[in-house]
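Here are a few notes to read alongside the model.

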Amino acid sequence: MQDDDKTVIMSPIGIQKPLDDTAPLSSVNSLQVILLNSPSQEKSFFSQGFTIGRSNDNDFVIVDNMVSRHHLKINIEYGEWYIQDLGSTNGIFIDDHRISGDYKLTLPSVISLGKGGPLIQLQLADHTPVKKQQADISDDITQFIPAQTTSSSSPAIENLDTDDIKQRFFTENNDNAGEYTQMVRRVIHEDKKKNTKKYRWGVSIVFILLCVAIGIITLQQSHYREAALNMYYQTKALEVDISLLEIKLRDEASSSLQDSILLTRQKLYKTQEEYKSIINNLNAFKFPVKLTRIIRHKIGLGSSSPSEYERELIQTVAEKFGESQLELSDDFITEVHHYISKWQASSRMKTAMKRLNENNYAPVILSAMKKERLPTQFLYLCLQESNFNSKAIGPETRFGIAKGAWQFLPTTAQEFGLSTGSMTDEPSYDISDERFNFTKATEAAAKYLKRIYSTEAQASGLLVMAGYNYGHNRVKRMIKKMPNNPKERNFWRFSTQYKIPDETYQYVLYIFSAAVIGEDPKYFGFKFKSPTL
């Protein structure tokens, strides 16, 4: 419905007669009227007196049975707004009090037309014209909106709310919209395409810069990694030298040997400090390493891997065994995680650790390993050999019968000072066989491990395990074919260059994974206290 210069919008609740286009909407004294209990909360603005009622000759029409034909009048005098009841049937209520006569309004204020009738909110208008507020969605739209629309099917744009404008101009439906609406849609669509292209270019540039930064960091990381590896294996070579000198000193007391050991140890300490400094620099690159690992996993280039905490525990144990954490592959870490799961699924570790604690064997093992300057984590080698059973007897082999907690064969036991007794070749317990004496057998085992550690294993704890295993003759022959220096003779080279016997491979992984569990038993679901910490 249209008048000469006013546009009227009808709703299920009432009729709104907005202010004339010439009304000073930006005036400080403009009053905004909002019908609260209407679905769309119709609103109008007035800068002078107006009436509200059910009859169409009112300035603000509300079609409701509670509203009289001419319900109330609101006037402005000297900048103050007053409300007057025009003899309505159901009255005017503010805060549940019925208003009579001229009543000065305190703004904002909510008025009820009748007890429980329609609610009207009165408040001073915003200084910004309503047309400007409604056109905030897009500055591009307003320039295409005419002051008056002649189409009877299209209400004036100043009476459309935000949702109406979005529905009309931002929809992509090919409905029967007019030529003007279709034109605005095309403009918005073209503008959206341009902005999308700009956004994509921006994202591409950021991504390229990120890739360049990661590339530079990766190159720096590679440089530090190579330097750290060289320094690390220098320390291993010095450790081998010291171990050989200590073994020689045991057989041949000499002050010159002691001086050589002292000088070599000083050099070792200095090299270790340099190595730690390089590792600290490498730690600065942990974020891109983790980011790369995450990306590889997300795009399917990496299998599911253990948590970062487990990875750090594995790296810690590798270094304690004399292996470089820098050469740990994701495949090896995953394998260790697999063997940890095997320990968790079995009661063997629980039973063995209980025996270790009940017999107070841990201090004996730790003391022997420290005396020989060996990693205390070799305690778990005894776990794999016999479950810490000092009376264990192995199967008969062509090399003899292995006995005791450390499962010494007769010849090896005798070589390291253990008496094997008169029942050496019988699968029986013999109290005179020192292999069954836990303390003596442990001291002999530490010396044997020291020998392997200093010679064929070249300070590689994992190669020591492989050499100790009782398929060791074949394994030792394979190890001795490798170059005689720690950088080339270590478990990582050994495992990639040779097909390790399954028995030896499983032997090493069981010991290593047990040592990882021993770093934090509670984390892995075990109740024993770590014996090596």
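1. In which sense do strand 7 and strand 8 pair, and over how many bridges? Strand 7 and strand 8 (residues 80-85) are antiparallel, with 6 bridges between them. Strands here are DSSP runs of E, at least two residues long, and helices are runs of H or I, at least four, numbered from the N terminus; pairing takes at least two DSSP bridges.

2. A word on the source: this is a predicted model, where local features need pLDDT of at least 70, side-chain atom pairs count only at pLDDT 80 or more, and totals for chains, interfaces and linings use all residues. Residues are numbered from 1 along each chain as its sequence is written, and side-chain values use heavy atoms, without hydrogens and water.

3. The hairpin has 2 residues between its strands, and Y78 takes a positive phi near 50°. Strand 7 (residues 72-77) also runs antiparallel to strand 5 (residues 50-53), joined by 3 bridges, and F50 sits opposite I74.

4. Now look at helix 13 (residues 438-454) and helix 14 (residues 461-468): they pack at about 115°, their axes 9 Å apart. Axes are lines fitted to C-alpha atoms over the stretch in contact, with angles from 0 to 180 degrees between N-to-C directions. Contact (heavy atoms within 4.5 Å) involves A445, Y448, L449, I452 and Y453 of helix 13 with V464, G467 and Y468 of helix 14.

5. Helix 11 (residues 379-386) and helix 17 (residues 502-519) cross at roughly 125°, their axes coming within 9 Å.
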